[in-house]
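Me: Got a structure here and I want to go through its salt bridges. Can you take a look?

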Amino acid sequence: MRSRIVSCLVLLPTIARAADIPLDRDPQAYFALGLRTVHIFSAAMEPPGCNVGVNCGSTSGSPQSCGLFHANHGRIPAPGQVVANRVCGTQSFFQVFANLPTCANPTCAMIGHPGANANCTDSFTLPILDDLDHDGTPSCDDNCVPDPGDIAVACGTTLPLPACDPSLPVNVVEGEDCSAGDTMPGNGRCDLGTGTWGAVHVGRGARLDFAPGTTVICSLKVISAARVTSNGAATVLLPGAGSLRFQDSVDVGRGCGALRFVSERGLIKFGRYGDYSLDACTISGRFRLGHANNLRGHLIADEFASDIRNDARCCEATVPPMTSSTSTSTSSTTTSSTTTSPTTTSATIASTTTTTTDPHASSSTTTNSTSTTSTNTSSTSTSSPTTTSTTTSTTTTTLSGGQFTRTPGFYKNHPAITQSILSAAGGLSVCGHVISDVDVNDAHSALETLCVSVQGDQRLQLVRHLVAAALNMAAGGASFSDFASCDSLCQNGSASTSALADCINETDAYNNSGDAIPAPFDLLGAADPARCRAAFATACSILAPSSCAVP
């Protein structure tokens, strides 16, 4: 509804005032909310934009750094609002609310919706957040002192946070269960149950799923190329100085509202080249964001600072459906391809002849270019799902309860698996371009599509998700009924922002829908994010083949 209102308002004459669009004080309307300061650099938000702001602002002679929003080359499209006592920055902002004079930038030419003030901003009453805990204390006082109780409510919890248990650490290793607390042993990932735990450490390429409900931990450290998600709406609390640290190339979350982290006063740090869909809040701590991340959710911290080239999307508080991964029965069905597109054709996954031992199977299996593994069932009492694979170009093994999918983050961190699927399928056609390899600086490379700094370009974001969807279907995963229509939209250079956003959201939801279901290639190769990092460093894009060394 809000986006439709804005679409009408932007058609009004330029004499319209910002008062026509009131300040949105709902914390769910903000992608990033700093309590005292926000510093972002070359950050771009995909249309439609959501808000960024600073809650506090000094009215009693305190340093002006409190209440400062600073964004070099920031892009916040309509209907996004930039809100702070003082706003400084360049490139383009739809609407600016500020009380103090801005810096030399933004100028009126950089502000899409002119405000009541001569500098095209509009004034507002501090703080942004209301007295959310209704204790009579404002969310930030005149001396820039936040009320932690209000911030906790904005983060979706209340104080005090329950204590963690340092005597119960949890270690997560690639291809293995949790060292403690696993609710589904035998499936080669850590399914951590709700309750109270110590420090949680997730190793390179490992997989951690939080159970629905509330989990308390002392800290979380996630090493590169790991996957952290939840099988339902999960809240993870980190009391005291408990920190949340993600290294490079991680894949976190599976949709809006599904996974929330709340630290009391610990540091939250995101690395580089990651894919994040989560709410992350530190009530009294700092937030440090690396560069070239794809982000979706709500981020709150006392001080918020980011590196360059981050891309953001707005997020509604809805949890996408997730197919259950606890089914025990397996059945094989033969299906014929109903489309001529190679993206929907099942294919045998090719690789060099390799023997791989499934940790939840009773025997090892061999995979090569002319044969595939058979189904191995779990022998544990928890009845974990079976792992299956396709056997021919038209025959798939169907898992009870749904079929597997994987996210762009998985495929970009597993280039050997991605290449194996591409080779078996004979290449894929996505957005009018042939994808056939995982080379660097190559216009036919899946990695040059998956490992790209989107910077607000919705077509780049859509093609990322479409490539993952095509790989899912080519490997024998779940069918995506709207692939053809979204692929056609991707090829339309004049497609509307709303249509692109709808397809991005739909394809993203599809790629996450079967993420908890075992896939036939899960254990074929360890995570390897190095090639993706190299692809990030190039200017190559499959949407502009001439930008690549191999067009």
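Reply: One term before we start: a residue counts as buried when its relative accessible area is under 20%. Also, this is a predicted model.

Me: Fine. Is R464 buried or exposed, then?

Reply: R464 has 0% relative accessibility, which is under 20%, so R464 counts as buried.

Me: What does the R464 side chain meet in a salt bridge?

Reply: D275, with an N to O distance of 2.8 Å. The two sit 189 residues apart in the chain, R464 in helix α6 (residues 458-474) and D275 in strand β19 (residues 275-282). D275 counts as buried because its relative accessibility is 10%.

Me: How many salt bridges turn up in the whole structure?

Reply: The search finds 15.

Me: What about R36, which residue is its partner?

Reply: D302, and their closest N and O atoms are 2.8 Å apart. This pair also links distant parts of the chain: R36 is in strand β1 (residues 30-41), D302 is in strand β21 (residues 294-306), and 266 residues separate them.

Me: And how accessible is each of those?

Reply: R36 is partly exposed, at 29% relative accessibility. D302 is at 10% and counts as buried.

Me: Changing topic: which residues are linked in a network of salt bridges?

Reply: R189, D191, R207, D209, R227, D251 and D515. Within that group, the side chains of D515 and R227 form a salt bridge at 2.8 Å, N to O.

Me: Where are D515 and R227 in the chain?

Reply: D515 lies in the loop between α8 (497-513) and α9 (530-536), while R227 belongs to strand β13 (residues 227-230), 288 residues apart. Both are buried.

Technical notes. Residues are numbered from 1 along each chain as its sequence is written. This is a predicted model: local features need pLDDT of at least 70, side-chain atom pairs count only at pLDDT 80 or more; totals for chains, interfaces and linings use all residues. Side-chain values use heavy atoms; hydrogens and water are left out. A salt bridge is a side-chain nitrogen of Lys or Arg within 4 Å of a carboxyl oxygen of Asp or Glu. Helices (H or I, at least four residues) and strands (E, at least two) are DSSP runs, numbered from the N terminus. Buried means under 20% relative accessible area, exposed over 50%, partly exposed in between (1.4 Å probe, protein chains only).
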